[in-house]
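Subject: Structure handover

Hi,

Here is the structure I promised to pass on. Have a look first, and my notes follow below.

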Amino acid sequence: MIGFLTRRAGAAVAVLLILTAVVFVLQQYSPGDPVKAYLGANASPAAVAAERVTLHLDDPLVSRYGHYLSAAARGDLGTSYRTHRKVTADLGAFLPATFELVVVAFLFALLLGAVFAMLRTIAGTFVRGVLLVGATAPPFLLALGGIILFYAHLGWLPATGRGGNDDGFLLTHSLVTGDWAQFGDGLQHVVLPALVLAVAPAVSIGRILRASLQQTLSADHVRTARAKGLTEVAVFGRHVLRNSIGPGLSMAGLQLGFMFAGVVVVEQIFSWPGIGNYLAESIPAADYPAIAGVTVVLGAVYIVTNTVVDMIQALADPRIAL
Amino acid sequence: MSDAAVVPRRFGVRSRTPAVHNLTLNRVLVGLLGLVTLVALGARLLAPDDPIQPVGDFNLPPGSPGHLLGTDMIGRDLLSRTLWGIQASWLSALAVVLVGLLFGGLIGLVAGAAGGWVDNVLMRLTDLFLALPGVLVAIAIVAALGPGLVHTLLGISIVWWPYYARIIRGEVRALAARPHVEAARLAGASRLRILRRHLLPGTVPTAIVTASLDIGNVVLLLAGLSFIGLGQLAPAPELGADTARALTQLLAQWWVPVVPGIAVMLLSLVANLGGDALRGLLDGRR
Amino acid sequence: MKLLRFGAAALVALTIAACDGKTNEAQVNPAPTDGVLTVGLLGDIGQPPDPDIYYANNGLAIVLNTYEGLVQYEDNIDTVKIAPRLATSWEVSADKKVYTFHLRSGVKFHDGTAFTSDAVKVSLQRRTDVKGGAAYMTAGVQSVDTSDPATAVVTLKEGNAAFLDYLASPFGPKMISPSALAANKGSDDAQTYLTTHDIGSGPYTLAAVQTGTKYELTQFDGYWGTKSPFTKVELPVYNDSSALELAFDKGDVSAIVAALPSSDLKKYETSAAVNSYLLPTLQSALVTLNPSGTFFKTAEARLAFLQSLDREKLIPQVLGDRSELATTLYAKGMIPDGADKQEINYKPEVLKAYAATLPAGTTMTIGYATGNPNAQQLATIVAAQMATLNIKATAQGYPTAQVFDWVNDPAKGPDAFFDGNNGPDGGNPYMWGHVFWDKSGGINYFGCDDPSVDADLNKAVLTGDNALFVSAATKYASSGCYLNFSYNKDWVVAQKWLTGVAESHNIGANELNFAKLGIA
Amino acid sequence: MIASVDDLHVSLRGNPVLRGVSLSVRPGEILGLVGESGSGKSVLALTLMGLLPPDAHPQVTGTVEVAGVDMMHGSAAAHRGVRRRELGVIFQDPMTSLNPTMRIGRQITEVTRDTDRAVQLLEHVGVADAAVRLRVYPHELSGGLRQRVMTAIAVAGRPSLIIADEPTTALDVTVQAQVLSLLRDLRDEYGCSVLFITHDLAVAAQITDRIGVLYAGRLAELGPTRELLAHPTHPYTAGLLRSRLSLTTPRGRELPTLPAEAGPRGPGCAYHTRCPLAVDRCATEQPPLVGDEHQRACWRDISDMPDGTSAAEPGELGPAVEGSAVVRLHNIRCDFKLRNGWRRAGTLKALDGVDLEVAPGEAVSIVGESGSGKSTLLRVIAGLIPPTGGTREVTGGTQMVFQDAGSSLTPWLTIGELLRERLLPLKLSRAEQDQRVRDALTKIGLPATVATARPRQLSGGQRQRVALARATIVPPAVLLCDEPTSALDASLAASVLNLIRQLRADLGMAVVFVTHDLAVARLMGDRIVVMTGGHIAETGPADDLVSHPQADYTKTLLAAVPEIAI
């Protein structure tokens, strides 16, 4: 186990090194002047030149990358060209919102995926149909459709923002401190964006889970379990589910990664103050420290997700050794 | 004849039912894949008007005379534009999937068949690409090369293949463990021949099914990239770009973004259902 | 597989639900009873609301309501006129080198410090020290005499007829509390502190900052001027214009300033449920051509293209009532009597004849700034029109950072660039001419430069010689690099109960002075 | 009666599988149900349990009763109750029949609800360190132990009937013997009945009190074990007994086989196309199952049955050719590095110093249990696995025939393509190739049209013949056979063995034949090599080794071979 984690940590470092290097090379070769974007169109050339020096933009690429890495090793991801704040501070401000959104969306995706896979009645067919349609709609259209329906039309849910005055882990914090009013408000705000984010992954997870459940159901050991005279619930719960979740879990892990990319669109439409928005604003401003920061975070999330998925799979199936 | 009382009741899911029952439906759905491709190829013949030039008043609602689906913000016929958009989106998605399939498939095939360190190196490389936030890379590439559909497709293709590499590699590993590959080796078949004749054809069904399911994803990804300003350049039609660019009109003239948006949805739906149906048909044949 | 059938049903249901939004007839929303004004922002303000750093648009609402300058532009008129703010009156020496300001008495900063000439000196100095984008405005300051607390005498290194305009500009130097600055100076001139606080004297004070989500202002009790009934102003951030619009329709937002797309104009102009205002600004829609690109290498080609633009048709189609045909080279009213007449008229045959000489399939790229729907639409229409001339034109969006990078290597840019809305920092003709025509000005995207034009402008600003300004403009216009496409207005939609909208707006700012708003 | 079916008809996917079976299990008896694959014996077991797979859309008529409960009608809960209280089940493959993700203990306590009892049970079925084993997962146990665990689960609920569906087929003979005796002991102790399903008459002979012979969904014969085996009254039973390969089957002759089924099944006796006694009536009219204690379903009298042995011609067992060995292995070692994920978890010594020589034209049988290294040895000879140490010399080509012919033929290639592949190095013209393919197919007794078929369109026996054709279309110096008949029914197996012997004689090649079955090893090899634990325990001429085993291990192996002692 410890060996496994050590290996993964090693791999993580390698992946992050390559990711940041890629961002740096891209920075070198992509057009865009962050200084002008930051200082404003009317800024004088003198101010621009001064700012370039401040930001070390005229240093050679290798030396900048070297500085970046040595600073990163000390936990400093540089300063955003755009917000003039430490990237770590920006990430600290925006990551919790994205994190909570994605976690809630992921729970939705698992839940809806399970419904997609298991619900059998007409209702199940209907849910499958709705999910499938939702998953095939362009996400921004789906998001706006959701706002029109649930906010403008029905008035059930708020359209934008996270609600409350608490930054950071709003939901988690209010849940832990028992601030139910705040929690309820936060929950109301998170429902719509999380649903939009969850619907496509739900279908992917549901589809795989369904196929794997179908396969497990015809497995010999399930026949054994039935032969023991167990109830169908017991057969399903003890003998089918655990043996079927492997492929579903892999897909869920993959989808979790996709969700962190999907937030770029969803956060924009729902004005969710997360790293998706941060990234969307950093890209046109050529704010490469911010872009690199987000990339590092997303890469790390991908690796951690995969590691956790592998660990859960090993837990679920003792034949898999880490 | 008794009813099925000897049969244990099932909890929600049935074990896989034989595909025979859905044979007709599956064929129809797979046929839809072909139909959409035909529509895409035949946009020139089907579209009543030029997709680029304004031909009527601005923002005519659907059902207006001469413009079944209305016109857009500069007076172009939305039906024509959507048909041409289907061509751009569908063929683009096909191209991306095909490139991903060819490149990823080749990597997967070589990795799976070679095993050992070759497999290790190729799969770590694949993992690295998988760890790249795909959208970000596409954005970066398009930013570096300048926008445009071809560049966008290039960007997507670069992040698209690892998925296929993994799937094909898994399939090849499974196939390679089967005695028929050993038998072929003993029969004196060369490595290349084993790869070509004894492994490759076995991966085709999985590859085709994965690819057709994936077309919808690419159509959606193109739309998403258009939303953040990357993708087909105006005035050329592309469904995602047309939807995204007209999104500010959603509340004033809903049809301008919704018509191409629904076309995106339909393409994606056809790809999804068609892919599933294809899987059903291929499973049934095995 | 009943999936298909249900899928189809759900598709139809979803579509109907989505399309149904239109039938939601706007009704008059009630006024707030809690003294909260809600002004929706489109997109986060991006930079900290520090007056010496902030150089974008949508966050001006915060800067202009928490800080004040010595002077401002006169509210609610459509011409350029300097009006008093923290200075009640001023004298300018004949050589435009010495500016004497008589300061308003009884003004307090939000930390309680009284406003004196010392604050003027500190404020101008900080602008220079922080080296922000608009630091150029104070770069010419030689000294500030503070011997009389009620009078500030600013001496420039050389004459500058635009200096008052600098001070009146929304981006111009704002007065900050010297003691608050000293207390929070830190190592960065209080830049960090000012991301979440303010040290100004405006009618409101920055109470809460949730970057990307919401900004909150509360009324400053010690404000010297008139106060509005709004004790609190909330500025929630919307990243999508449709979402913002829906919130406004529902009454969750009181007013939207210059954020909605022109395609919505019709809906609100005819609505009885809300008020729609078109207020004067110095902004224009502009066309800039790239002489370094392949298509517009010659002035002949450039002028032919500019003449092919049917502005009389395009403006109402795309920009609507927000804009009118620009007939001058500078902003409307900058030069008295419109002496800076723009001589480009619609003559499509010129480009047609020119195009006939080109090889078939010659390409042209028309750029626009990503996220500007008006510019996008203009570019798209023009690109479509080019096809009729056998020119293969594409319209392409560019992110901000990229747009400003072209001047370093103009060949990388598109052939033409459509600017939906752009303008100078202030109302002096120099501020217009310099940014658009001088290579170092900032908005001369493709570096299309004529040194003699720059020299004329630099000479004219010393004295404010309008004739020289006009001749510079005419000379530059002949290059064909530039077209003042249309005069734009600020479009403000507000709930029926909100009063004082036009009265709280001036030609320089793209924002409202919340202290002048009221409830009907 | 513990369980009974009457006039039971079952169709799956519209195909009749059981066609009127009447049978009852008496208290305390072990009833054997014997039949070849496809005879419907497993479906009968599933029907008794009420567990027919729903996706096969079963159609069932007749009556099925277990412990007085109707298993065809009635509530699912009632059926479940019967399964829980009255039935215990052991399936063929203990690896797949146990839940791989659940600890052994949990799988037992699911029935017992009591850990102490689970420990008792495990000890009872002969699992050492039972308390510790409760914590392990199925994949951590050997095949034999797994089947013991299955058995423990089966008896955990103190059932009145244990249904054992081929419980020993996947096991080695020595383990098989242990499991059989365990079952018998459990029956004696608990007084339950056992329905023992097998394809092997000899195995049934070891344990059962009565035997029912199932053929094509009907009982052909049913009677007390000793009597049925000593005096079979149905030609099918008689044929089965005769074609059984035992340690005493004459080596020099062609092995007796049953004729293959020909033509569609009509309304009459399903066996009539293969039956040496068949008359016209057999084709049109179904014979009823008649008799008291010993019942049979045949229109004819068994005494008319011709003597099987007289029909068999002497086989041409070619003697080994003198000369330098075609295979010469010296001190071959083969280690497998076991990986646990990425980690090295140890080394498995699959082969540990093996010396073997095969003379040209010689037939050598390698016999051993699973894990003995016999298949690894074969692969080393074939060159598929490089040995870790030792020297390997093989002169002339080797070809191999695998256990599962189905998976050794590339599914998407036609038989013709597969055969032609071996002709590629010869650079023949297309016509010559086709001719060679035709010849090869004719030689193995298949029509030339098979060349255009794909493997899945052929039966198991046909596929194994095709595999043989592929191996011999260009005659190799050594033909390597890896249990080529273990997946086939006895009669088919015999015909494939005959074919191998025929080909060997015709082509003069050496044969190395790997098997776990001593009887087959004796019949196929001039020499037998007994392997265990990666080394050779004993080697010697076939008959000598069987009649006078030297090594203890050989003796154990011989003792475990089930024989019908009449």
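A quick term before we start: a residue is called buried under 20% relative accessible area, exposed over 50% and partly exposed in between, using a 1.4 Å probe and protein chains only. By that rule D:Glu483 is buried, because its relative accessible area is 9%.

Some housekeeping: this is a predicted model, where local features need pLDDT of at least 70 and side-chain atom pairs count only at pLDDT 80 or more, while totals for chains, interfaces and linings use all residues. Residues are numbered from 1 along each chain as its sequence is written, chains are lettered from A and ligands numbered from 1 in the order in which they are written, and side-chain values use heavy atoms, leaving out hydrogens and water.

Back to D:Glu483. You'll find D:Glu483 in the loop between strand S17 (478–482) and helix H19 (490–507) of chain D (helices, H or I, have at least four residues and strands, E, at least two; both are DSSP runs numbered from the N terminus). Its side chain makes a polar contact of 2.6 Å with that of D:His516 (N or O atoms within 3.5 Å; within protein, one able to donate a hydrogen and the other to accept it, with sequence neighbours counting only if both atoms are side-chain atoms). Leaving aside residues up to four places away in sequence, D:Glu483 touches D:Lys374, D:Gln403, D:Val514, D:Thr515 and D:His516 (heavy atoms within 4.5 Å).

Then there's the meeting of chain A and chain C: 52 residues from chain A and 57 residues from chain C take part. Five residue pairs are in polar contact between these chains, both at pLDDT 80 or more.

Cheers
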